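Hi there,

Here is the structure I promised to pass on to you. Have a look at it first, and then read on for what turned up.

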Amino acid sequence: MPLPSLLAQVAGAENPATFFTPGKGVLAASLFVVAALVIGSILWARSGGRVRIRRIAGLDAVDEAVGRATEMGRPMLFVPGIQDMDNIQTVAGITVLSRVARTAAEYDAEIEVPCTRSLVMTSAREAVHAAYLGAGRSDSYNPDRIYYVSDEQFAYVAYAGGLMVRRKPAACFYFGCFFAESLILAENGNSVGAIQIAGTAETSQLPFFVASCDYTLLGEEFFAASAYLSGEPDQLGTLLAQDIVKAIVWVLAVLLALAATVAALTHSESLSGLVDAVRAAMGGG
Amino acid sequence: MSLPHAAKSPPPPDRIQVIVATDCGSTTTKAILIECVDGHYRQTQRGEAPTTVEEPFADVTLGVTNSVTELQELSGRRLIADDGTVIRRTSPTDPDGCDVYISTSSAGGGLQMMVAGVVRQMTAESAKRAALGAGAIVMDTIASNDQRKPYEQIQRIRELRPDMVLLSGGTDGGDQKKVVELAELIAPAKPRPRFGGEYQLPVIFAGNKDAAPAVQRVFGQGFDLSVVPNLRPTLEQENLGPARDRIHDVFLEHVMAHAPGYDKLIAWADAPIMPTPGAVGDILQTIARKRGINAVGVDIGGATTDVFSVFDGAFNRTVSANLGMSYSISNVCAEATMPRILRWVHLPMDERELRNRVKNKMIRPTTIPQTLEALVFEQAVAREALRLSYEQHKAFATTLKGVQQQRTVGDAFSQAAAGATLVDNMKLDLLVASGGVLSHAPRMEQTALMLIDSFEPEGFTELAKDSIFMMPHLGVLASVHPDAAMEVFEKDCLIYLGTCVAPRGQGKAGKPCFAWELRGAVNAKGTMNVGDMQLVPLAHDAQCEMTVTPEKGFDMGAGPGKAVTRTVRGGTVGLILDARGRAIEVPGEEGARRATIQRWLDALSVYE
């Protein structure tokens, strides 16, 4: 059917399909504002604008952990979580792996990366290989130290735990998505005297990591790691835009909460109307 | 009858009544006479003579004899025998000679070392700490992660002519491969020692004990290798003592024995000759231990500035090689920048003229300021040189890196990193200054203000200066008679300038900062506003109970806003109340800046 005829048929239907939902206009505007902030921040950062990121002790300690492994003549263990590459935490973990691998290459330290997914293994190999090339130590790169273990959560944990007890790594890195295995891994690492650095956005696992690791990247810090490590204007600009948006949302939330409270206390119809309008615009009931 | 003789072991402390000590510097040999007067050890005479280590004399003992002869002339006690040696007393009633002769040396550039370790921030840093603590100048630090290619490292090793090499690396039972690789870099590079062509370069190995046999094989012939316990047996532990002791032994056996005249000097001395900075470090540690305090010492010279610190028993020394007041003055100006130097100056000055003055000082290092303007400028440069040296010291004097941390869930948002500085100005009890610009400032107030502006002490800090640089002599004396060393240090070595009372924090100029009250030798009280300084006269031997109640936002050591009571000591300057806050801020606008500096100078009568 030709397109004009199709459009005429849709327009004349009893429930015509529409491209836009009129009630969601505020959300659309928000989308454009956020996009504009991200683009603006990136352009600003590219033009030499200084974006300051507060120091993240866990990332600063990577050199120290690799140095410890070098002095002790022991390997390092990097666990990129137990999820596949479709999980953003795994992607962030691979970014950190690049940095750890580059430092390991510079110090000529041994790094071991057991993976739960074949695709993660492939990505990790690529990242580590690139890091060794960047450090000018491509001859030291050993792909056999980055390998697949099992898709099964506890089969993997059993292997990793056994590896720690046998090889006594001097440094353990846990960056990615973790669940029940977090404490088992971190406690094993602690018991063999390793410096441990962890990063995850799984809030339920963070207390375990904080208690048993030397340094822990908490949620957002983990995602900021990429920008922190690379220092690239595009990533720094994006991070800046995210922070601005968070600040705007926080201010709006406080203002609206105050407005709702005042409306309830004073029975002000105008304020109630404003709060209801914003609630409706944001998709609330 | 008194007979000259060479003694190797000193008599027991209770038999030591007369002590002759010398410090053989690069240009001057300084001698002091210490005598037991009415049961108290006092420094009674001082003499000095040019050092004679270089040609045409090429015999360090000539300078020693000359300087001790001056002591002899001043004291009336015969100390030098006809053959030029130092006379020893034969009995407690013998009017001639001394009971003990001791010496330090930094002649011919002192002890120069190269150190190496596997990881720069770990074993290499420990090796550097050991070498510096023993009084050496560290010429370079080689590490497997120092960003240099092996051929660059070998080139560098070949260029250096160290007196000895300290090699470390690997924990016990840890890495062997890289420490042996380091040995394989050093051995073929064959660094040549400074003194003597036939002399085998001493190498001290203080690394993984399991790697020692392999390291011995690598060095084989051509090196004088000695193996001592590991500097870092585990990464959690630093064991510098054996390496430092071995450095001292090697310094005596090899380096000094090959320097002109030192074989005779070693035979004369009753205790091992120590490198001058090592002796200064020893006396500072002794005083800190005996008084249970934290102390910082600084010696600012023409080419270098040494900073020593003892915090909670941990000793550290740094040498800022390019920060000094004559040979290195240009570097101070370049590193600090002229605006930062001139922020301390209250007089109008032409920057172009100052640059000429700096270059003149560099090429004529022995000149001293002839005008008030020149003095003010030199002291401004000194403030920046001291500040930069102290910053370097803070960065070096840190807790150990590579150590496993213990956390609780409560640490989630405050994960302090390892390697934090040990230097805490709030815990600093005593700040000792030496070096020409500090020791020979025309007024004591100038020395005190230079120290306060550059070190920014917090809480209660005693300020003192070693006016005739006696600390090296006392450092080596401490190894023979610690009580005598302490007594002379307190009574004759240090000139107490007073106590600085300064809260930590910042506030708006003119707002209340703290209230104070003195009870005892002086009874007074008052309040200080932010940005003010005040001098309360308090005599050298006077002590008072002082209560300081800081405002909210200011801390005297007990927490913000909490009152602190301490016994404070007076001095030649007195009690200095400093409410400028920390860090000290100088106004940016020129007129306001000069007025502010003038106000601070007036408060302490610095240039009156």
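To begin with charge pairs: searching the whole structure, which is a predicted model, gives 60 salt bridges over all chains. One of these salt bridges joins the side chains of Arg566(B) and Asp429(B), with an N to O distance of 3.6 Å. Arg566(B) sits in strand β23 (residues 564-569) of chain B, while Asp429(B) is in the loop between α12 (372-396) and β16 (430-434) of chain B, so this pair ties together parts that lie 137 residues apart in sequence. As background, side chains of opposite charge can pair when their charged atoms come close.

Next, the meeting of the two chains. How many residues does each chain bring to the contact? Chain A gives 23 residues and chain B gives 33 residues. About 2,200 Å² is buried between chain A and chain B, and carbon and sulfur atoms account for 49% of that area. Two salt bridges are counted between the chains. In one salt bridge, Asp108(A) pairs with Lys177(B), and the closest N and O atoms are 3.1 Å apart. There are also 13 residue pairs in polar contact between chain A and chain B, with both residues at pLDDT 80 or more.

The largest share comes from α4(A), with six residues. By class, the residues on the side of chain A that touches chain B are eleven nonpolar, six polar and six charged.

Chain A itself is assigned two domains: domain 1 (24-52 + 233-278) and domain 2 (57-230). Their C-alpha centres are 35 Å apart. Five residues from domain 1 of chain A and five residues from domain 2 of chain A make the contact. The area buried between these two domains is about 370 Å², with 52% of it from carbon and sulfur atoms. Which residues of domain 1 of chain A lose the most area to domain 2 of chain A? They are Gln235(A), Leu239(A) and Lys246(A), which together make up 83% of what that side buries.

One salt bridge is counted between domain 1 of chain A and domain 2 of chain A. Lys246(A) also forms a salt bridge with Glu220(A), at 2.8 Å from N to O. Two residue pairs are in polar contact across the interface of domain 1 of chain A and domain 2 of chain A, both residues being at pLDDT 80 or more. The side of domain 1 of chain A that touches domain 2 of chain A has two nonpolar, two polar and one charged residues.

Now for chain B, which is divided into domain 1 (3-107), domain 2 (110-259) and domain 3 (295-395 + 423-604). Taken over C-alpha atoms, the centres of domain 1 of chain B and domain 2 of chain B are separated by 35 Å.

A helix pair in chain B may interest you too. The axes of helix α9 (residues 329-336) of chain B and helix α11 (residues 351-363) of chain B come within 8 Å, crossing at roughly 140°. From α9(B), the contact uses Ile329(B), Ser330(B) and Cys333(B), and from α11(B) it uses Val358(B), Lys359(B), Lys361(B) and Met362(B). Those residues divide into four nonpolar, one polar and two charged.

- The peptide bond from Glu55(B) to Pro56(B) is cis, with omega near 10°. Pro56(B) is placed in the loop between β4 (40-50) and α1 (60-75) of chain B.
- The peptide bond from Arg582(B) to Ala583(B) is also cis, and its omega is near 0°. Ala583(B) belongs to the loop between β24 (574-578) and α17 (590-604) of chain B.
- Lys190(B) has a positive phi, near 45°, in a residue other than glycine. Lys190(B) lies in the loop between α4 (177-189) and β10 (201-205) of chain B.

Note on methods: Residues numbered from 1 in each chain as written. Chains lettered and ligands numbered in written order. Predicted model: local features only at pLDDT ≥ 70, side-chain atom pairs only at ≥ 80, totals over all residues. Heavy atoms only, no water. Contact = heavy atoms within 4.5 Å. Buried area = accessible area lost by both parts, 1.4 Å probe. Salt bridge = Lys/Arg side-chain N within 4 Å of Asp/Glu carboxyl O. Polar contact = N/O pair within 3.5 Å; in protein donor to acceptor, adjacent residues only side chain to side chain. Helix = DSSP H or I, 4+ residues; strand = E, 2+ residues; numbered from the N terminus. Nonpolar A, V, L, I, M, F, W, Y, C, P; charged D, E, K, R; others polar. Domains from an automatic or database assignment. Axes fitted to C-alpha atoms, helices over the stretch in contact; angles between N-to-C directions.
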